[in-house]
Amino acid sequence: MPKTPKTPKTQKTRAAAPARPPATATDRGGLELEGLPGHLVRRLHQVAVALFAEEIDRVGADLTPVQYAALATVEAHAGIDQASLAGVIGYDRTTIGGVVERLEAKGLIHRITSPSDRRVRQLSITAEGVALLRSLVAPVRQVQDRLMAPLAVAEQATLVRLMTKLVHATNELSRTPTRPAPPLSAAPTQPATPRRR
């Protein structure tokens, strides 16, 4: 009787092992990544930033989401100082200076010496800044529409309501909690004199 050729040991082992589906996050650590709210918020933020850049580029503007928030806040609160601006938009106080400098270099805002404290620079929007904000109303609205498009109208309202509730309830857990704009003691009066270097 002819002998049957032997199958190599490694092949027998592979053939005998039952097929297993790929490991999931639950198998590895007990958490399903796609079910984590924090992960989903991070991914949605990435989408929102990408859509903002696309729509702003489409109209030839040069503005980041943080610069847009800062510019809109300076318009809404004429004379606000840098530290208060950081609080209103929930941005780090040590890095808000770079945002302000870029907006000033673009001619969109200027810094004004506070009449009550010469160490404080109040911020004021320029005519160019106002014009830019007006030109961005439609593109920024388009960003929101595209971001929310997969949801029904009622779902959109529910999502915004729940996100607002979450953001307000967890504000103090942030490294940069938002703060209301302080009342201004005096309106801005004059452009800041250039600093000596």
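I count a residue as buried under 20% relative accessible area, as exposed over 50%, and as partly exposed in between (1.4 Å probe, protein chains only). The model is predicted, so I take local features only at pLDDT of at least 70 and side-chain atom pairs only at pLDDT 80 or more, while totals for chains, interfaces and linings use all residues. I number residues from 1 along each chain as its sequence is written, and side-chain values use heavy atoms, without hydrogens and water.

Entry, whole chain. I looked up burial: 24% of the 197 residues in the protein chain are buried. I found nine helices and two strands, taken as DSSP runs (helices H or I, at least four residues; strands E, at least two) numbered from the N terminus. Their order along the sequence is α-α-α-α-α-α-β-β-α-α-α.

Entry, helix pair. I looked up α3 against α8 (residues 137-148): the axes come within 9 Å and cross at roughly 145°. Axes are lines fitted to C-alpha atoms over the stretch in contact, with angles from 0 to 180 degrees between N-to-C directions. In contact (heavy atoms within 4.5 Å), α3 residues including Leu44, Val47, Leu51 and Phe52 meet α8 residues including Pro139, Val140 and Val143.

Entry, Leu44. I placed Leu44 in helix α3. Is Leu44 buried, exposed or partly exposed? Leu44 counts as partly exposed because its relative accessibility is 37%, and it is among the α3 residues that meet α8.
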